[in-house]
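Keep the structure open as you go.

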Amino acid sequence: MAGAGEVERTDYTPKSSFADDLRVLRAMWFGSVSGDSHQDQLESFYNKQAHLYDQYRHRMLHGRKPLMMNMPVKKGCVWVDLGGGTASNVEFFGKSVMTDWFKSVHVVDLTPSLVRVAKKRVEDNNWGGKVNIILGDATDPNLEGLPPSGSCDVVSISYAVTMIPNWRDVLKNAHRLLKPGGHICVCDFTVDRDSQWGISKTFWKYLFSTDHIYLSEEHIETLQSMFDQTRLEVNYGTFPYVPFFLKCPYYAYIGQKK
């Protein structure tokens, strides 16, 4: 329950079945990434698992919960979720998104199959008129449907920075969208020079790179150079059906536009 004067949040934990998990694992392990453009490559990877994306991924994307549970929200909030996939982050605010806590919510993703799931979610939850789903490049400052520069209270990017080749451009776009004092909220996989052995860094970097996901210490460092940090959590998370001792670092970062 939210305290007085606080936005109400919900711990979003979609249920899954073993059969559903097998379908996702089959798509992840045996699916091929193909296509000339970044969008085509993403679609080739997700199109057979998009409808099951959230049920499986919420058990491995451990940074989302602390990010959404601590994301600063004030009444009349304009929120942009870049690389927002199926719009599952909005579920954390499902009881409050249609109230005066939010003026508008804009979810941007480049993958058509994930955007279709996001649009169905908006329809099923009657979020129309408040939650806007945009198919497009999160690095594009001229993308149609985005709010004007300097008008947003919050921009979030969850588990997308590592998948965007020109990742610095998405951070620049977030900075452009935010009003002075607005907050950026980012979570993703990472490597941690303070607590991680070199062989572990090499292992996770290589493993993720086979799916075109690129881990780097530079992501957090760049965020810290662009924004005033207000919160940083670095922890280790497990993966479904993977031995518990194989844990990868993740982070949840909140900063404020200077």
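## A loop valine and what surrounds it

Start with valine 73, which sits in the loop between α4 (64-70) and β1 (77-82). Keep in mind that this is a predicted model. Is valine 73 buried or exposed? Its relative accessibility is 15%, and the cut-off for buried is under 20%, so valine 73 counts as buried. Setting aside neighbours within four places in sequence, valine 73 is in contact with Val7, Arg9, Phe93, Trp101 and Phe102. For a sense of scale, take serine 149, which is 76 residues away from valine 73 along the chain: the two C-alpha atoms are separated by 19 Å.

As a general point, nonpolar side chains in soluble globular proteins tend to be buried together.

What does valine 90 touch? Not counting residues up to four places away in sequence, valine 90 touches Trp79, Val97, Val105, Val107, Trp127 and Val131.

Now for the helices. The table puts two packed pairs side by side.

| Helix pair | Angle | Axis separation |
|---|---|---|
| α6 (residues 167-177) and α8 (residues 218-226) | about 30° | 11 Å |
| α2 (residues 38-46) and α5 (residues 112-124) | about 65° | 7 Å |

With α6 and α8 packing at about 30°, α6 is roughly parallel to α8, because angles under 35 degrees count that way. The crossing of α6 past α8 is right-handed. On the α6 side, the residues involved are Trp167, Arg168, Leu171, Lys172 and His175, and they meet Glu218, His219, Thr222, Leu223 and Met226 in α8. By class, that contact of α6 with α8 splits into 4 nonpolar, 3 polar and 3 charged residues.

Over at the other pair, Gln39, Glu43 and Tyr46 in α2 meet Pro112, Ser113, Leu114 and Arg116 in α5. The contact of α2 with α5 comes out as 3 nonpolar, 2 polar and 2 charged residues.

Threonine 190 is in the loop between β5 (178-189) and α7 (198-209). Threonine 190 is buried, with a relative accessible area of 1%. Which residues is threonine 190 in contact with, leaving aside its neighbours within four places in sequence? They are Leu215, Ser216, Ile220, Cys248, Pro249, Tyr250 and Tyr251.

Next, a bit of backbone. Most residues other than glycine have a negative phi. Alanine 87, though, has a positive phi, near 65°. Alanine 87 lies in the loop between β1 and β2 (102-109), and at 0% relative accessibility it counts as buried.

Tyrosine 241 also has a positive phi, of about 65°, although it is not a glycine. Look for tyrosine 241 in the loop between β6 (227-237) and β7 (248-257). At 46% relative accessibility, tyrosine 241 counts as partly exposed.

Notes:
Residues numbered from 1 in each chain as written. Predicted model: local features only at pLDDT ≥ 70, side-chain atom pairs only at ≥ 80, totals over all residues. Heavy atoms only, no water. Axes fitted to C-alpha atoms, helices over the stretch in contact; angles between N-to-C directions. Helix = DSSP H or I, 4+ residues; strand = E, 2+ residues; numbered from the N terminus. Parallel < 35°, antiparallel > 145°, perpendicular 65-115°, else oblique. Left-handed = near helix turned anticlockwise from the far one by under 90°. Contact = heavy atoms within 4.5 Å. Nonpolar A, V, L, I, M, F, W, Y, C, P; charged D, E, K, R; others polar. Buried < 20%, exposed > 50% of the residue type's maximum accessible area, 1.4 Å probe, protein only.
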